[in-house]
Amino acid sequence: MNINGEWVGGELDTKDVVNPANGKTVGTVPNGGEAEAEQAITAAHEAFGPWSELTAYERAGYLKKLHQLMLDNQEELAQIMTLEMGKPINESRGEVNYAASFIEWFAEEGKRIYGETIPAHVQGKRLQVWKKPVGVVAAITPWNFPVAMLTRKMGPALAAGCTFMMKPSGDSPLTAVKLMELCEKAGFPKGVINLVTGSSSKITKAIMENKKVRKITFTGSTEVGKLLIKQSADQVKRLSLELGGHAPLIVLDDANLETAVKGVMASKFRNAGQTCICANRIYVQSGVYDAFVEKFSEAVEQLKVGDGEDESVDIGPLINQAGLDKVNSHVEDAVTKGAAVVTGGEAITDDGGVFFQPTVIKDVDPSMVMMQEETFGPVAPIQKIETIDEAVSFANDTPYGLAAYVFTENVSKGTQLIEQLNFGIVGWNDGAPSAAQVPFGGMKESGIGREGGHEGIEAFVESQYVSIGMN
Ligand code: SIN
């Protein structure tokens, strides 16, 4: 852990970090709790005044150093990530670049936090809106993107003048430790960035009860997000929430099937299907259903499963046994209810790893659990549809609204279809829509607020309206 510029926690008991590719312990982190969270919050609170008083250009200078250090240390960050959570090494390298791009984007975006001058309704007044950093920010991040979810929060918070405390997932904290080392090398003043590892419930309790924390930014499950909304009510803490998704992917009769297959592969199998925006439910119009199933299954059969450290591997392990059990139960449920496995369908648990074969399942219907809930695994269920209205109705029939995908070559059909979809992110003939400069976030129970883009920094500033009377 790093609190107020010091590496601490050596006296505490530790938590093991386990490689899901083989069940071996790859490291340990201190099992911090309320006391350590309190210390981190105090440090961030004390650092807030001086940090927020720097110019945006000075803050950008620190962030740009961090950006460069991340690129220089891409390989080490990627290796740690793959070891602790199993992501194929090439994806880990890609995630480091993606993560660094948030730091670069927000270093610049901090210089564009504009206030407003508003025409007055009477003589002798000047009306202005000033922008102020929200204060101490606590970030709680998931295991599936161990570095990008941190920098997508850290970049805008620091650029806006907030100070920062991070609590990474217990399943992938070692990447955060490396990132913290790089923050230290970048020379951020002490207390501006703090890292606490350990008990999620104890650390979150301290964050929620401490009035000095003004903003929580969280990526994780909708269930935990709802809990945070309730817990934040007492102090009306600001919240940004990136929660669960259940992305529909729609392939219309006039789609270019090669583009569609490429898009589904990119969306579905990134991180072994363990992303909030991955395609979970694939709806294919009847005219291309058989051809799509065939082409897609051929591509899926080429995927290589194995330890992410092997350069040739496409699909790494799931995060843990509970993740594997969930995928297994979704597949069993679908098969019992009449769906057909075209390829895959089995768990692979040799040598202590928790893997699942990349799987295509056809003839699914809405009664099956995998069409109702996020599977979070490398399983692609395909349902036949007849009309666009049917596609819209199935796609929107969910409490989630994070991402959706549409494949059609017809501009008016695509436009009309997307206008009816209630999702915060849409990939049209594109299975990989994420980028630093665009707003990422969901409608409905998929969250509150947007990360990335110019909206990403607005989440870390408050408007202060100032009415100036002129003598
Ligand atoms: C996520 O789905 O958890 C994040 C994926 C992304 O940023 O592209």
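This note covers the aromatic pairs and the lysine-over-ring contacts in a predicted model.

1. Overall count. Searching the whole structure turns up 8 aromatic pairs.

2. Phenylalanine 269 with phenylalanine 296. This aromatic pair is tilted. The ring centres are 6.3 Å apart, with 35° between the planes. The pair links distant parts of the chain, 27 residues apart. Phenylalanine 269 belongs to helix H9 (residues 257-269). Phenylalanine 296 belongs to helix H10 (residues 289-301). Phenylalanine 269 and phenylalanine 296 are both buried.

3. Tyrosine 283 with phenylalanine 394. The ring centres lie 5.7 Å apart and the planes meet at 10°, so this pair is stacked; the cut-off for stacking is under 30 degrees. Here too, distant parts of the chain are linked, 111 residues apart. Tyrosine 283 sits in strand E13 (residues 279-285), and phenylalanine 394 in helix H12 (residues 388-396).

4. Burial of tyrosine 283. Is tyrosine 283 buried or exposed? Its relative accessibility is 2%, so tyrosine 283 counts as buried. The cut-off for that label is under 20%.

5. Aromatic cluster. Trp51, Tyr62 and Phe188 come together as one aromatic cluster.

6. Lysines over rings. Which ring face does lysine 87 lie over? The ring is that of phenylalanine 145, and lysine 87 is 3.8 Å from the ring centre. Lysine 215 lies over the face of phenylalanine 460. For lysine 215, the distance to the ring centre is 5.1 Å.

Methods. Residues numbered from 1 in each chain as written. Predicted model: local features only at pLDDT ≥ 70, side-chain atom pairs only at ≥ 80, totals over all residues. Heavy atoms only, no water. Phe/Tyr/Trp six-rings, centres within 6.5 Å; stacked < 30°, edge-to-face > 60°. Helix = DSSP H or I, 4+ residues; strand = E, 2+ residues; numbered from the N terminus. Buried < 20%, exposed > 50% of the residue type's maximum accessible area, 1.4 Å probe, protein only. Lys NZ or Arg CZ within 6 Å of the ring centre and 35° of its normal.
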